[in-house]
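Take a walk through this model, one element at a time. Keep the sequence and the 3D view side by side.

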Amino acid sequence: MNEQGAARVSLPEAGPRHLRALRSSALKLSVGYIGLGLLALVLFAAPLWYAWRVTIEDSRMAILQADAQRLAQVFRREGPRALAGLLSERVGLQIANERLLLFADPQLKPLAGNIDRWPAQVPLTPGFNTLRLQLDGHETEVALVHLLLPGGYHLLVGRDTGFYVPLERRFWYALLGAAVILSTFGALGGILIRRALMARIHLVRQTVSAIMLGDLTHRLPAEPEGDELNTLSQTINRMLNQIEQLVHGVRNVSNAVAHDLRTPLAELRVRLEELSLTRPAPEHTFAEIDAAVSDVDRVISIFNALLRLAEIDSGMRRSGFVPVDLAEIAAAAVDFYQPAGEIKGARLQLVRADTAPVRGDPVLLAQAISNLIDNALKYTPAGGNILVSVSRRADQCIELAVADSGPGIAEGDRSKVTERFYRGDASRGTPGVGLGLSLVEAVARLHGTMLELEDNHPGLRASMVLGQDTRPIERPATAVPKPGELQHEPVYL
Amino acid sequence: MKVLLVEDNERVTQFVLKGLTESGHTADHASNGRDGMFLAASEPYDAIVLDRMLPGDIDGLAIIEALRKAGKRTPILILSALSDVDERIRGLRAGGDDYLTKPFAFGELLARLDALTRRSQVESVQTRLEVADLRMDLLTRKVTRGDRDIALQPREFKLLEYLMRHADQVVTRTMLLENVWDYHFDPQTNLIDVHISKLRQKIDADFDRPLLRTVRNAGYTLSSHE
């Protein structure tokens with residue numbers, strides 16, 4: 001398939017718009033997924049962060065308290081000097097740099113520790129404080145336990161929480177990193193999904209474009225078991241099959257129309273051209289003109305038959321359904337065709353129920369029956385039999401059947417004979433348009449039933465079964481007003 | 001008779017006007033609904049031939065309805081390219097008297113016009129029909145010609161009755177199909193001819209003067225005149 005060609009014909013207006021819509025839908029999808037991922041991340045990190053904060057701070061305070069109590073015990077047992085010595089030793093060892101210690105006398109003068117003077121912000125009442133302090137030239141956050149020792153001495157045990165800032169920062173960085181990775185993968189996933197989707201949609205578009213160019217044989221790739229898109233493809237393929245069948249049917253019909261209309265038109269043309277060229281004697285001219293008129297009549301009758309078929313197929317005629325007696329219609333048809341049977345030397349008989357009430361279109365039913373009889377007469381040889389029967393079956397349905405003793409229709413051809421313009425081999429050389437049985441079939445369909453073709457051993461038996469109408473027949477056999485019958489009672493339509 | 005033709009197609013108009021003039025009738029013509037309505041309402045015509053679809057805002061059906069409302073009883077023959085039975089019924093419901101689908105043969109049009117104008121004149125409760133020495137008693141359903149009884153099948157009786165009711169007029173095959181067999185479709189056979197020839201066999205064969213004659217390109221006529 002020529003891709004450019006396909007692109008050229010493909011959905012000139014709709015194409016880009018579809019693309020945009022898809023693009024934005026893929027975008028929305030991936031943005032949505034990324035957002036959802038980030039939310040999950042936050043929901044995961046927030047409790048973690050909270051637990052971390054609470055646990056660490058609580059335990060930190062407990063440790064500070066314990067430490068302070070230990071130092072207070074030393075003070076109580078051994079006095080201020082011993083405590084100052086212990087503190088100086090601990091500061092000197094430089095373990096636990098983050099630990100802040102200050103031992104001060106009642107005048108707040110530092111005696112020992114690693115804070116050079118009493119921080120002004122610390123209140124003189126004992127307790128736990130979290131403050132910002134200027135330490136070694138930089139400001140940092142500290143947690144302090146302040147103990148008041150006997151004799152007015154003060155002890156501060158604290159912790160430089162700024163020591164944990166890098167850790168916290170690392171935690172945030174990790175979180176941020178996770179978010180970035182999530183977003184990247186999300187976006188990447190979105191792009192990949194979109195690309196995969198676009199590839200398949202492109203395939204669909206290509207196929208559709210090829211079909212729009214007139215090649216109906218194309219189908220979307222679809223495995224029997226696949227994902228949702230596969231199912232969609234299968235559905236579209238089924239639709240395409242149906243369309244192909246329809247187009248095929250239409251093509252057949254138009255070929256047949258072309259053939260069947262062209263033949264009389266060609267004859268007509270030849271006739272007229274010959275007249276114009278040879279200018280024969282008037283009598284001959286008139287004969288030719290008459291023949292030309294009947295050529296035209298043939299064309300018109302084909303048109304009428306086609307229009308009628310279209311009218312029936314549209315189903316509009318159903319509104320004209322009235323109660324009719326099928327037996328009466330069949331009797332009239334048999335009566336009408338009787339002379340034709342006599343001429344042909346075939347016996348045309350009617351077997352009928354007394355009444356056969358059905359709901360239907362009397363004109364179409366009459367036409368269907370006469371087509372069936374006409375058809376039977378055409379194919380029944382001299383001395384043959386044609387039996388028209390209207391009978392009430394055990395299930396109270398009404399069966400109309402026309403059975404002949406002609407050559408019949410081969411089983412394989414039976415479905416074809418109702419196709420428009422189909423003419424069996426046996427019918428070559430007999431007059432007719434090839435619309436007769438398709439009209440019968442269409443009429444049967446309109447009446448909610450089917451035309452059945454069976455072997456009559458020998459011959460053909462065509463039948464249809466109609467539901468019995470239980471309502472009384474008010475006006476038998478005609479729905480078409482006789483000219484003048486409805487005269488002078490204007491109905492405003 | 002005097003006929004008004006309301007038709008917008010020039011070819012059809014010329015064809016119909018020429019045909020009417022040649023068969024000894026006079027005809028007026030209007031090519032749109034407005035003129036047609038005006039003429040139909042102001043002039044006395046024996047019949048109106050009206051196209052169903054006309055240019056302008058007044059179409060055939062509207063003219064018919066207006067005329068009927070105004071109490072005009074002029075017989076109207078509707079011409080239409082719409083052949084659906086429904087369309088036909090609509091045309092007749094609106095007050096038309098007959099309906100002819102285009103394309104049509106002029107013979108058909110003339111025969112139907114004849115039938116329409118005669119019907120509006122006679123049409124009464126008749127119990128006996130007579131054409132020359134052919135007699136039909138509608139009550140006893142007996143047919144005689146001269147002093148001889150003629151036995152007819154029910155359908156032949158109906159056929160002859162229609163022909164006798166339209167004696168001296170041309171009756172087309174379609175008219176016979178519609179009125180005798182109630183067939184409003186073309187059965188695509190020449191069976192009408194066969195039925196006529198069977199009837200002719202019964203009423204004409206043994207007599208010097210044939211009554212039932214074929215009219216070329218049109219149909220049949222049952223006539224006492226030569």
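Two strands pair if DSSP finds at least two bridges between them. Helices (H or I, at least four residues) and strands (E, at least two) are DSSP runs, numbered from the N terminus. This is a predicted model, in which local features need pLDDT of at least 70, side-chain atom pairs count only at pLDDT 80 or more, and totals for chains, interfaces and linings use all residues. Residues are numbered from 1 along each chain as its sequence is written, while chains are lettered from A and ligands numbered from 1 in the order in which they are written.

Start in chain A. Strand 10 (residues 398-404) of chain A pairs with strand 12 of chain A in the antiparallel sense, over 6 bridges. In this pairing, Glu399(A) stands opposite Val465(A). Strand 11 (residues 452-455) of chain A also runs antiparallel to strand 12 of chain A, joined by 4 bridges. Here Leu453(A) stands opposite Ala462(A). Strands 11 and 12 of chain A form a hairpin with 4 residues between them. In its turn, His457(A) has a positive phi of about 50°.

Now move to chain B. An open sheet of 5 strands has the order 2-1-3-4-5, with parallel pairing. Its edge strands are strand 2 (26-30) and strand 5 (98-101) of chain B, and each pairs on one side only. Neighbouring strands of this sheet are turned by 20° against each other on average, direction ignored. Axes are lines fitted to C-alpha atoms, for helices over the stretch in contact, and angles run from 0 to 180 degrees between N-to-C directions.

Helix 1 (residues 10-22) of chain B packs on the sheet and touches strand 1, strand 2 and strand 3 (47-51) of chain B. Two residues are in contact if their C-beta atoms, placed from the backbone, lie within 7 Å. The direction of helix 1 makes about 160° with that of strand 2 of chain B. Just after helix 1 of chain B, Gly24(B) takes a positive phi of about 85°.

Which strands does helix 3 (residues 60-69) of chain B lie across? They are strand 1, strand 3 and strand 4 (76-80) of chain B. Helix 3 of chain B also packs with helix 2 (residues 33-42) of chain B, at an angle of about 25° and with axes 10 Å apart. That makes the two helices roughly parallel, a label for angles under 35 degrees. Residues that meet there include Gly36(B) and Ala40(B) in helix 2 of chain B, and Ala62(B) and Ala66(B) in helix 3 of chain B.

Note on methods. Angles under 35 degrees count as roughly parallel, over 145 as roughly antiparallel, 65 to 115 as roughly perpendicular and the rest as oblique.
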